[in-house]
Amino acid sequence: MEEFTFFTPTKIIFGRGTLEMLPEEAKALGGKGLIVTDKGLLSTGLVDQVTRELDEAGLTYLIWSDIVPNPRDVDIERGAAYAMEKEIDYLIAIGGGSAMDTAKAIGALMTNGGKCEDWYEGNLKEPIAPLICIPTTCGTGSEVTHESIVNNTKTLEKDCIWGPMNSVKVAILDSTVMDHLPAKILASTGMDALTHAVEAYVCKAANPVTDALAIQAIRMIAQNLPEAVSNHTPEALDAMLVASTMAGMAFGNSDVASVHSISEALGGYYDIPHGVANAMMLSAVSRLSISGAPQRYAQVAAALGVQTAGMDDIQAANAGVDYMQKLADDLGIPHFKDMEIVNPKDFDRLAETAAAASETEDNPVMMSKGDFVALFEQLYNEK
């Protein structure tokens with residue numbers, strides 16, 4: 001067995017109604033908090049569930065909501081300046097990956113200074129400002145990863161502030177915050193979690209601990225995502241929230257692969273939501289990658305609940321990919337060819353970005369720039 005490391009400093013609190021534990025956790029981190037969320041969540045009243053808890057406990061806080069779906073460096077830097085001006089002690093992120101990644105990056109600049117571009121090399125010198133994350137979707141796993149994905153407004157590509165210093169203090173997993181989450185968002189974020197789990201399991205950086213988390217997350221997502229989207233049952237929402245966090249712990253300690261190389265290129269250039277981009281590309285990239293890890297893809301198929309009796313690994317792996325595509329179709333995930341924003345003239349640039357991404361190195365099959373171009377052309381022209 002090869003050497004590996006596994007790092008998870010985040011305290012996880014799970015259960016419906018556990019938002020009531022927020023004030024106790026917040027008090028331990030300082031006197032004044034900053035809630036980092038987005039305007040969409042503010043308009044739903046969901047943030048009110050959190051502020052009510054803080055108000056009843058007599059805690060002092062401000063709200064920063066000037067963020068976008070793919071967090072931009074300029075917004076993060078303004079948020080950090082605001083936090084320092086207001087002498088903020090700790091942060092509370094409420095939302096999906098955008099809010100949590102923004103909060104982590106703001107926290108990094110609060111304690112390390114500088115701009116986002118100063119910290120893209122895993123070179124943070126100080127731990128980020130204390131951060132509590134309250135995920136309101138079941139996709140990103142950002143509450144337990146050590147990364148902040150940042151849209152670089154100069155290059156129109158995605159960069160990353162990463163490393164053990166970029167870790168969340170507390171994650172509160174309370175599925176009541178997803179009770180009224182639109183089915184479309186549940187679907188795309190749930191497929192995002194599935195992508196994290198699948199890639200964490202099949203990538204070259206996988207290890208026994210991440211394997212255990214990833215394969216169980218795949219099982220839980222297959223069993224619960226359709227029910228969560230269709231009926232929002234508490235049991236299914238609970239399972240999806242936990243599975244998303246497990247998938248985050250898995251890929252945060254192994255890696256993702258070429259699905260993410262593409263989705264980050266699409267997100268950086270077109271601003272396509274990360275979960276949608278992952279869901280669009282999961283089955284196609286997996287199909288291309290089977291030859292590099294047939295047994296692992298066959299095990300993914302079995303975890304998805306696909307009946308693989310009598311099949312060899314290649315057949316089982318392809319059946320698993322068929323299932324992932326059907327699941328995406330059933331959940332209403334758009335196809336690449338149907339994205340009006342996509343322009344074939346951009347394929348060369350997108351492929352160059354994807355080929356250069358670090359995740360590509362851990363894909364089961366090494367993909368070149370030409371491979372990415374060919375895949376884009378195939379998906380764009382599919383019947």
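**Exercise 1.** In this predicted model, find which residues Leu22 touches, leaving out residues up to four places away in sequence.

*Solution.* Start at helix α1, residues 22–27, where Leu22 sits. Then list the partners of Leu22: Val50, Leu54, Ile92, Ile132, Ile134 and Ile172.

**Exercise 2.** Decide whether Leu22 is buried or exposed.

*Solution.* Take the relative accessibility of Leu22, which is 0%. The cut-off for buried is under 20%. Leu22 therefore counts as buried.

**Exercise 3.** State how far apart Leu22 and Asn231 are in sequence and in space.

*Solution.* Along the sequence, Leu22 and Asn231 are 209 residues apart. In space, their C-alpha atoms are 28 Å apart.

**Exercise 4.** Name the residues with the most contacts inside the largest nonpolar core, and list what Met191 touches.

*Solution.* The largest nonpolar core has 103 residues. Met191, Leu194 and Leu266 have the most contacts inside it. Beyond four places in sequence, Met191 touches Leu225, Ala279, Leu282, Met324, Leu327, Ala328, Leu331 and Ile333. There is also a second, separate core of 29 residues, with Ile88, Ala99, Cys116 and Val150 among them.

**Exercise 5.** Describe how helix α4 packs with helix α5.

*Solution.* Locate α4 at residues 73–85 and α5 at residues 97–112. Their axes lie 8 Å apart, at an angle of about 55°. That angle makes α4 oblique to α5. The crossing is right-handed. Next, find the contact residues. From α4 come Ile76, Glu77, Gly79, Ala80, Ala83 and Met84. They meet Thr102, Ala105, Ile106, Leu109 and Met110 of α5. Finally, sort this contact by class: eight nonpolar, two polar and one charged residues.

Technical notes:
Residues numbered from 1 in each chain as written. Predicted model: local features only at pLDDT ≥ 70, side-chain atom pairs only at ≥ 80, totals over all residues. Heavy atoms only, no water. Helix = DSSP H or I, 4+ residues; strand = E, 2+ residues; numbered from the N terminus. Buried < 20%, exposed > 50% of the residue type's maximum accessible area, 1.4 Å probe, protein only. Contact = heavy atoms within 4.5 Å. Core = buried A, V, L, I, M, F, W, Y, C linked by side-chain atoms within 4.5 Å. Axes fitted to C-alpha atoms, helices over the stretch in contact; angles between N-to-C directions. Parallel < 35°, antiparallel > 145°, perpendicular 65-115°, else oblique. Left-handed = near helix turned anticlockwise from the far one by under 90°. Nonpolar A, V, L, I, M, F, W, Y, C, P; charged D, E, K, R; others polar.
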